[in-house]
Amino acid sequence: MDALLAAAVSILFHGLAYAMVLYLISVGLSVTMGLMGFANLAHGVFAMAGGYVTVTLMNRHGVPFALAIVVACTTVALASAALERLLYARLYRAGELDQVLFTIGLVFMAIAAAHFTWGPLPQGFTPPDALRGQVELGGRVFPAYRLFLIAVGAALVVALWLGLEHTRLGARIRAAVDNRRMAESLGIDVGRLFTVTFALGSGLAALGGGLGAEILAINPRYAIEHLVSFLIVVAVGGLGSLRGSFFAALLLGIGDTACKYLVPELGVFFVYVAVRAVLLWRPAGLFGRAA
Amino acid sequence: MNAAAGGPVAAIVRQHRLRWWEALPWAAIVAAYFLFPDHRALGAQILFMTLFALSLDLILGYGGIVTLGHAAFFGVGAYAAGLLAVHGWREPITGLLVAGVAAGIVGLVSGLVILRTRGITLLMLTLAVVFMLEEIANKASSITGGADGLQGVRLDPVLGTWRFDIFGRTAYVYCAIVLFVLWLFARRLVHSPFGRSLTGIRENVQRMHAIGSPVHRRLVTVYAIAAAIAGVAGALQAQTTQFVGLNAISFERSGEVLIMLVFGGAGRLYGAFVGAPAYMLAQDSLAKTDPVYWFFWLGLLLVCVVLFARGGLLGLLDAALRRLRR
C-alpha cells in the first residue's frame, strides 16, 4: 500500500512539474492561435531558443541563473516581435497550407542553425546551487529544482490569469479572441495587440524552455520532438483559452508521466488514444467553443 | 450549333481529355532510363517518391486537407511489404497489393477520427498518428528491427522473369509501371464526379454541405485511397531498396513529401512529377556533403516559396506562359 502511495505521489509530483513547463510553453501558442487563427508550428523554436540562451549564458559565461532566464526571455520576445512584423504579418490572410509550410521552413532553418552553433548533442543543464539537492516534505524527499519549477509555474498561472482578467491589455485580448471584428469596430488595434501578444507568448515559451531545460533536454530537434505535445495542449484545451490550456497541460503532464511510469513500452500509445477520445467527445477542445 | 459546344460545359469536358503535354513526364521517364544507365537506382527512388507525392496531391491538392502525417501510410506500406518478404512471401506484386490494403485500412480508421476536426487540431492529430506509428515501429524491434531497420528483404523475380538487380534496372521499370497505372487511376479519379465534389469541398465546404454532399464520407474515402497509394509507394521502397528504416515513417518524411508537392505545385496532378525529381536530385547532390545545411537551405527555400511563389514551379510556369501570351 505504501509503495502504491509512493508511486502515486511521485507520478503526481513529476507530472505536475512537466505540466508547468508544457503550460508555459504552450499558453502563448494557444492565445495567438485564438487571436489570429495562425497555424504557428514554429512556436517550439522560441522555447528552444530560450533554452539555448539560458544554458549557454550559464555554462559558458558563468551568468547567474535568474539573470540568464531574464535575458533569454527578453531577447526571444524582442526577436519574435521583429519576426512577427517582418514575416508573419504577411501571412495572416494566407491559407492554412501556406502558414504551415512557412512555419515548417522556419523550424528547418532553426534546427540547422542550432545544429551548426551548438552541435547535435543535448545541452547539459545544472540548476544553481541553491536549487540543487533534495527537500524533505511530509516525510518524503523531492528534488528541489522540480519543487521550484512547480512553485514558479503556479505563480505564473495565477499571474497570467489575473493579468488577463484584470488589466486593460487582458480585456483587449479577451475581446479580440471572442470577436475580432467587433473588437476592431470598438477601436482596438488588433494588429498591434497581436504583436504584443505574440511577443509575450514567445517570451513565456522561452521561459518554459529555459526553466524546463532539465525536463525537456535542449537539442536541435527540440521544436519537432515536442511539437505534438504543445499542439495537444492547445487543441485539447481549446484555442485561446487560458483555463483550457492549463487543464490540458495538467492532464497531459500527469497522464504522460503516469503512462511512461506504469507501462513504459506503450506509454505514448495510451496518451494519443486518450487525446483522440477527448477530441471525439469535444472536437473543439475541453474549453473551446464549437466553431 | 448546340449550346454544349462552347461555354463552361465544354471547358470542363475538355479537361478530361488527354493533352499532348501530359505525355511529357512519361517521355522523360523513358528517356531517363536510357540516358542515365548508371543512375537507375536513384531513378527508381525518384519514381516511388513521385507516386508518394501524387497520393498526397489527392488529399491536399484536391481534398484541401493539410496533413503532416502522410508518411504514416508510406511507412505502413513499407513495413507491410518488408515483413511479408522477410517471412517468406516473396512475390512482389501481391506484396504491393497487401501493403496498399494495409495502409488503406490504417488511413480509413485514422481518417474517420481525424477528419471530424479542422485546422490546428487536425494537424496535431495527423502528426500524432505518425509519431505513434514511429514509436510502435521503434519499440517493436523484435518484429520491425527497431532503429536498425528491417533487413533481409528478399524478393522473387517480378512475374517470375525479371530479377531485382543491383543496378536498379528492374526496379526502375517496375516502379515506372506501377506509377503509370496509379497515375491513370488518380487522373480518372480527379476528373470523376467524386473528384469534382472534392474540389467543391476544398473551395467551399459550407456550400457542399448545403447542397447535401456527404462531405465527411467523401473526405474519408479520398483519405483512405491516398493512404493506400502512399502504402504502395512505401512498398516499392521496401522492395526496391530491400530495406525499411525508421525514417520511412518519420515526421521528416511527411515534411519532405509536402515540400516536394508544393515545390512542384499542388492540385494539378503533375506537381508531383516536377517536385519529386527536383527535390531528390537537389538532395542527392547537396545533402551528401552536409545534411544539416541541406535542411537550412530547404527551410529558406520553403519560406521564399510561400512568400513569393505560391503555386510552386508549375505555378511559376503558368504565370510565365500567361505573360508570354499577352
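A crossing of two helices is called right-handed if the near helix is turned clockwise from the far one by less than a right angle, and left-handed if anticlockwise. Keep that in mind for this tour of a predicted model.

Select helix 3 (residues 65-86) and helix 8 (residues 190-211) of chain A; their axes come within 8 Å and cross at roughly 145°. Look along the pair and you will find that the crossing of helix 3 and helix 8 of chain A is right-handed. On the helix 3 side, show residues including A:Ile69, A:Cys73, A:Val76 and A:Glu84, and on the helix 8 side, among others, A:Phe198, A:Ser202, A:Gly203 and A:Leu207. Colour this contact by class and you get 12 nonpolar, 5 polar and 2 charged residues.

**Stop two: helices 2 and 4.** Now pick helix 2 (residues 43-61) of chain A together with helix 4 of chain A, which pack at an angle of about 15° with their axes 11 Å apart. The two are therefore roughly parallel to each other, and their crossing is left-handed. Display A:Val45, A:Met48 and A:Tyr52 from helix 2, which meet A:Leu106, A:Val107, A:Ala110, A:Ala114 and A:Trp118 from helix 4. This contact has 8 nonpolar, no polar and no charged residues.

**Stop three: the contact between chains A and B.** Bring chain B into view: the contact takes 35 residues from chain A and 31 residues from chain B. Helix 4 (96-118), helix 10 (227-237) and helix 12 (267-281) of chain A each supply at least two residues of the side that touches chain B. Which helix of chain A gives the largest share of that side? It is helix 4, with 16 residues. By class, this side of chain A has 28 nonpolar, 2 polar and 5 charged residues.

Conventions:
Residues are numbered from 1 along each chain as its sequence is written. Chains are lettered from A and ligands numbered from 1 in the order in which they are written. This is a predicted model: local features need pLDDT of at least 70, side-chain atom pairs count only at pLDDT 80 or more; totals for chains, interfaces and linings use all residues. Two residues are in contact if their C-beta atoms, placed from the backbone, lie within 7 Å. Helices (H or I, at least four residues) and strands (E, at least two) are DSSP runs, numbered from the N terminus. Ala, Val, Leu, Ile, Met, Phe, Trp, Tyr, Cys and Pro count as nonpolar, Asp, Glu, Lys and Arg as charged, and the others, Gly among them, as polar. Axes are lines fitted to C-alpha atoms, for helices over the stretch in contact, and angles run from 0 to 180 degrees between N-to-C directions. Angles under 35 degrees count as roughly parallel, over 145 as roughly antiparallel, 65 to 115 as roughly perpendicular and the rest as oblique.
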